[in-house]
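Here is a short briefing for a reader new to this structure. Please look over the sequence and the model, then read on by topic.

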Amino acid sequence: MTSRVTFVSPAMNASLRQARFDDGGSIDAGGEARARAVAGALPTGVRVVTSPTVRCRETAAALGLDAVRVTGPAASATEPAEPVQPVEPAELAGLDVGRWRGLTLAEVGAAEPEAVARWLADPGSAPHGGESVEDLCARVARWLESSSRADGRTLAVVEPEIVRAAVVHVLGTPAAAFWRLDVPPLTATSISGRGGRWNLRLGHPPDSPEASPEGS
């Protein structure tokens, strides 16, 4: 039984351009146009999940994933498939940055330089009053392990930090590696595997041919 998960980061918006902690803003016109341009190029799947944020929901809609139809063994051979709405697992929520939400990193750095330095150096710290990077990595790991028991393909439109946490788990690296990973807007990162062991493909465009490594 092989599971495949393709993570897609959200399209560009003002917060991403400004290095601002998510403030609930929409994707911009350019980001939406780019997402629509690759709609239909992503592999067909029977499961779509998103982070519960405006920009991830809007990116999924622009990619045509907001009402996908079941295909393959899960679809009836004699009746049209019903639309399947994406689900929003709690484990795939973006990092909770507490009182820093909506601020730019520069603004926080000017107001709380010691707190920012501690946050970037220690993945177990949460000086903003929210969630630590270690906690984020742990919940994403739980979601991945539950997904590894499900055969087939999952498309996940998720916040960049979710992709980082997934890569940390798949490679078995320390949580400190989290900040060494860059996830550009509207790029895809694919993993596949079975038995809890994953293979990884990083940062390919959503409309490129997807590698199909076999987990062992």
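Pro89 counts as buried, because its relative accessibility is 13% and buried means under 20%. Pro89 sits in the loop between β4 and α4. The model behind these values is predicted.

- Pro89 is in contact with Val49, Thr50 and Trp143, leaving aside neighbours within four places in sequence.
- Pro89 and Trp143 are 54 residues apart in sequence, yet their C-alpha atoms are 8.3 Å apart in space.
- Thr104 is also found in the loop between β4 (83–84) and α4 (105–111).
- Thr104 has 9% relative accessibility, so it counts as buried.
- Gln18, Ala19 and Arg20 are in contact with Thr104, once neighbours within four places in sequence are left aside.

- Ala19, one of the contacts of Thr104, has a positive phi of about 50° although it is not a glycine.
- Ala19 belongs to the loop between α1 (14–17) and α2 (29–37).
- Is Ala19 buried or partly exposed? Ala19 is partly exposed, with a relative accessible area of 48%.
- Leu186 is not a glycine either, and its phi is positive, near 50°.
- The loop between α7 and β6 holds Leu186.
- Leu186 counts as buried, because its relative accessibility is 2%.

**The protein as a whole**

- The protein has 7 helices and 7 strands.
- Read from the N terminus on, its elements run β-α-α-β-α-β-β-α-α-α-β-α-β-β.
- The protein has 216 residues, and buried residues make up 44% of them.
- Take the contacts between residues at least 6 apart in sequence: 67% of them join residues at least 24 apart.
- The protein exposes about 10100 Å². Carbon and sulfur atoms supply 53% of that area.

- How many of the 6 residues of β1 are buried? The count is 6 of the 6, so β1 is largely enclosed by the rest of the structure.
- In a regular strand the side chains alternate between the two faces of the sheet.
- Ser3, Val5 and Phe7 point one way from β1, while Arg4, Thr6 and Val8 point the other way. All of these residues are buried.
- Strand β1 (residues 3–8) runs parallel to β5, and 6 bridges join the two.
- Arg4 has Arg153 as its bridge partner in β5.
- Phe7 stands opposite Ala156 in β5.
- β1 is also joined to β6 by 6 bridges, and these two strands run antiparallel.
- Ser3 stands opposite Gly193 in β6.

**Strand β5**

- Strand β5 (residues 152–157) is mostly covered, with 5 of its 6 residues buried.
- Besides the bridges to β1, 4 bridges join β5 to strand β2 (residues 47–50).
- The strands β2 and β5 run parallel.
- Arg47 stands opposite Thr154 in β5.

**Ile191 in strand β6**

- Ile191 has its place in strand β6 (residues 188–194).
- With 4% relative accessibility, Ile191 counts as buried.
- Which residues does Ile191 touch, not counting those up to four places away in sequence? They are Ser3, Arg4, Val5, Phe7, Leu144, Val170, Trp198, Asn199 and Leu200.
- Ile191 and Ser3 are 188 residues apart in sequence. From C-alpha to C-alpha, Ile191 and Ser3 are 8.3 Å apart in space.

**Helices α6 and α7**

- Two packed helices are described by the angle between their axes and the distance between the axes.
- The axes of helix α6 (residues 133–147) and helix α7 (residues 160–171) come within 9 Å and cross at roughly 70°.
- That angle makes α6 roughly perpendicular to α7, because 65 to 115 degrees counts as roughly perpendicular.
- From α6, the residues that meet α7 are Leu136, Cys137, Arg139, Val140, Ala141, Leu144 and Glu145.
- From α7, the residues that meet α6 are Glu161, Ile162, Ala165, Ala166, Val168, His169 and Val170.
- By class, this contact of α6 with α7 has 10 nonpolar, 1 polar and 3 charged residues.
- Leu144 of α6 and Val170 of α7 take part in this contact, and Ile191 touches both Leu144 and Val170.

Terms used:
Residues are numbered from 1 along each chain as its sequence is written. This is a predicted model: local features need pLDDT of at least 70, side-chain atom pairs count only at pLDDT 80 or more; totals for chains, interfaces and linings use all residues. Side-chain values use heavy atoms; hydrogens and water are left out. Axes are lines fitted to C-alpha atoms, for helices over the stretch in contact, and angles run from 0 to 180 degrees between N-to-C directions. Angles under 35 degrees count as roughly parallel, over 145 as roughly antiparallel, 65 to 115 as roughly perpendicular and the rest as oblique. Contact means heavy atoms within 4.5 Å. Ala, Val, Leu, Ile, Met, Phe, Trp, Tyr, Cys and Pro count as nonpolar, Asp, Glu, Lys and Arg as charged, and the others, Gly among them, as polar. Buried means under 20% relative accessible area, exposed over 50%, partly exposed in between (1.4 Å probe, protein chains only). Two strands pair if DSSP finds at least two bridges between them. Accessible areas come from the Shrake-Rupley method with a 1.4 Å probe; for residues, only the protein chains shown count as cover.
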